[in-house]
Structure formats: C-alpha cells, structure tokens
Amino acid sequence: MSKVLNKFSLEGKIALITGASYGIGFAIATAYADAGATICFNDINQELVDRGLKSYEELGIKAYGYVCDVTDEEKVNELVAKIEKEVGAIDILVNNAGIIKRIPMHEMSAEDFRKVVDVDLNAPFIVAKAVIPSMIKKGHGKIINVCSMMSELGRETVSAYAAAKGGLKMLTKNIASEYGEYNIQCNGIGPGYIETPQTAPLRVPGHPFNSFIISKTPAARWGTTEDLMGPSVFLASDASDFVNGHILYVDGGILAYIGKQP
Ligand code: NAP
Ligand code: GCO
C-alpha cells in the first residue's frame with residue numbers, strides 16, 4: 001500500500017464506539033474494522049448488544065460488546081477497565097451514543113432537558129475522562145465526538161439537543177487544547193441529516209421536514225451512514241495526527257448554503 005494510504009490504516013488499534021449496535025455508531029465501527037481496528041462497543045441493554053453482535057458477525061467482524069449506560073460514571077469506568085483487561089488499552093474513542101427529544105422548549109420539562117444533556121454532553125466527558133489516562137501512558141490517542149448540525153445551528157423543538165451538541169463542540173476543542181501535548185487528538189465529526197432511526201420520524205413520506213432538508217442541502221439528498229465512514233476513519237488514523245480541535249462537518253453542504261431563491 002502507498003505510504004500516504006497507509007496512514008489511514010487502523011491495523012493494531014483498539015476502538016471503543018459508544019452506542020454502536022446500529023445507526024451511525026455501527027457504521028463507524030464497521031469502517032474501523034475494515035481499516036483493521038479491533039471493535040469494542042457498548043449499548044444501553046443486552047438486547048441491543050446482542051443485536052449489534054449479530055450484525056457485526058454477519059459482516060464477518062469479531063466485535064466485543066458490553067452493556068453500559070454511558071451516563072453512569074462508575075459503569076463507564078468498569079467498562080473501560082474490562083476492555084483494557086479483555087482486549088487491551090483503547091487507542092480510539094468515538095463518543096457516539098446520543099438521544100434527542102423534539103419538544104417545544106416552553107413545553108419541555110427540566111428533567112427531559114437534563115436527560116438529553118446527560119447523554120449527549122455529560123457522557124462524552126465521562127467516557128473521555130475514563131480513557132485519557134491510558135492514552136497519556138501509551139503516548140497517543142484519538143477521541144472523536146459525534147457532534148451535529150446543531151453544534152452550529154438551532155431550530156424549533158431541539159433546544160436541549162442543540163445546547164448539548166454545542167457544548168460537545170466546545171468540549172472537543174477543550175480536550176484538544178488540554179491533551180494535545182500528549183499526542184492525543186480530539187476532533188468532532190458533524191453529520192448533517194442522516195438516514196437513521198433517530199431521524200426516521202422526520203423522513204416519513206410527505207413530512208414537510210423531508211423536502212425542507214433536501215432543499216437546504218446542496219447535495220439534494222439525506223446523508224447515509226456510509227457517507228460518514230471515510231471521514232471517521234481519517235479522524236481515527238495517523239493521517240489526522242496534526243488535526244486537533246476540528247469539527248469535520250459531513251453535511252452535504254448544508255452549513256455552507258443559504259438556500260435556493262424561491
Ligand atoms: P440512534 O439511531 O438513536 O442511535 C443512538 C445509539 O445510542 C442507540 O443505540 C442508543 O440506544 C444508544 N444510546 C442512547 N443512550 C445511551 C446511553 N445512555 N448509554 C449507551 N447507549 C445509549 O442515533 P444515530 O442517528 O445513530 O446517532 C448517533 C449519534 O449521531 C448521536 O450522538 C446523534 O446525536 C448523532 N447525530 C445523528 C444525526 C442523524 O441525522 N442521525 C446527525 C448528527 C448527529 P437506544 O436504542 O436504547 O436509544
Ligand atoms: C433534528 C434532527 C437533527 C439531526 C442531526 C443534524 O431533529 O433536527 O434530529 O438534530 O439528528 O443532529 O445534524
């Protein structure tokens with residue numbers, strides 16, 4: 001393989017992708033496996049983990065699956081210790097697990113707001129904090145936080161999600177600032193509107209949001225999880241060793257586009 005392409009290899013690396021039984025996390029994990037990494041993932045319950053293990057196996061991927069609620073610091077620390085014992089120290093962390101609650105802010109309970117922030121912002125802090133010590137010891141590490149269009153823009157009904165993803169952008173920049181000297185790179189990947197279960201309610205035939213997104217996207221289509229594979233491998237590989245604190249938007253151009261004149 002060419003010297004440059006070899007920089008994208010993840011051979012010999014151990015990756016933890018949170019919430020990766022399906023959806024974006026699953027796609028990122030399969031891309032990492034294809035690039036040579038060993039895949040560890042967690043999800044919220046055994047049923048999802050088993051579903052994920054089956055899906056990975058169907059693709060010929062030997063993955064290590066664990067039940068862990070990423071908002072529970074004690075359980076996260078146990079998860080990282082278990083992986084380090086059973087598989088090895090984590091080289092690549094992808095903070096992917098996330099939830100969204102689409103509720104008009106004035107109707108949203110503080111509890112619901114906190115739940116979204118807990119999973120989408122507090123948990124990436126908890127999991128990154130758990131893996132950084134061994135990355136410092138090893139002298140290298142990659143942390144990729146799955147941000148969002150809502151790290152940059154707002155819209156109706158997603159106040160908690162936007163606040164969390166905006167915070168996740170700044171957490172990404174701060175981890176990059178604080179740990180860059182240990183050869184740890186922390187970047188974000190910012191998917192646009194991607195076809196996954198999370199956006200399924202927005203894509204039902206005839207839903208106005210469906211045509212709205214297509215009109216706002218220069219690529220004139222919803223993204224697929226496959227669109228995220230190459231960019232996420234780049235951020236996890238040696239090819240991005242001097243990229244730090246960057247949010248790589250994979251959005252078909254939405255953030256660049258004011259919209260077509262009516
Ligand atoms: P998804 O289909 O809802 O998958 C999220 C995964 O995270 C699910 O497996 C979910 O389990 C798991 N999870 C939720 N809370 C958890 C917790 N406390 N502990 C452990 N796992 C937990 O979402 P997705 O569309 O693949 O999105 C993945 C990430 O990309 C999220 O951070 C999302 O905000 C972000 N994102 C998505 C889009 C998009 O258009 N889809 C765009 C930009 C960013 P459950 O099934 O039990 O919920
Ligand atoms: C929404 C969508 C978005 C996407 C994604 C966009 O309701 O606006 O769910 O938030 O999930 O985050 O990047």
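A polar contact is a pair of N or O atoms within 3.5 Å; within protein, one must be able to donate a hydrogen and the other to accept it, and residues adjacent in sequence count only if both atoms are side-chain atoms. The model is predicted: local features need pLDDT of at least 70, side-chain atom pairs count only at pLDDT 80 or more, and totals for chains, interfaces and linings use all residues. Residues are numbered from 1 along each chain as its sequence is written, chains are lettered from A and ligands numbered from 1 in the order in which they are written, and side-chain values use heavy atoms, with hydrogens and water left out.

**View 1. Surroundings of ligand 1.** Ligand 1 is surrounded by 28 residues (a heavy atom within 4 Å). The closest are Y22, N96, Y161, I194 and T196. Y22 places a side-chain N or O atom 2.4 Å from an oxygen atom of ligand 1. For the side chain of T196, the distance to a ligand 1 oxygen is 2.5 Å. For the side chain of Y161, it is 2.7 Å. The protein buries 90% of the 880 Å² that ligand 1 exposes when taken alone (Shrake-Rupley method, 1.4 Å probe; for residues, only the protein chains shown count as cover).

**View 2. Surroundings of ligand 2.** Around ligand 2 there are 14 residues. R102, S148, R155, Y161 and Q198 come nearest. A polar side-chain atom of S148 sits 2.6 Å from a ligand 2 oxygen. The side chain of Y193 has an N or O atom 2.8 Å from an oxygen atom of ligand 2. G192 uses a polar backbone atom, at 3.1 Å from a ligand 2 oxygen. Alone, ligand 2 exposes 330 Å², and the protein buries 97% of that.

**View 3. Packing of α4 on α5.** Helix α4 spans residues 73-86 and helix α5 residues 110-138 (DSSP runs of H or I, at least four residues, numbered from the N terminus). They pack at about 35°, with axes 9 Å apart (lines fitted to C-alpha atoms over the stretch in contact; angles run from 0 to 180 degrees between N-to-C directions). From α4, the contact takes E73, V76, N77, V80 and E84 (heavy atoms within 4.5 Å). From α5 come I126, V127, K129, A130, V131 and S134. Six of the contact residues are nonpolar, two polar and three charged (nonpolar: Ala, Val, Leu, Ile, Met, Phe, Trp, Tyr, Cys and Pro; charged: Asp, Glu, Lys and Arg; polar: the others, Gly among them).

**View 4. Packing of α2 on α3.** Helix α2 (residues 23-34) packs on helix α3 (residues 46-58) at about 35°, with axes 11 Å apart. G25, F26, A29 and T30 of α2 meet G52, S55 and Y56 of α3. Three of these residues are nonpolar, four polar and none charged.

Technical notes: Helices (H or I, at least four residues) and strands (E, at least two) are DSSP runs, numbered from the N terminus.
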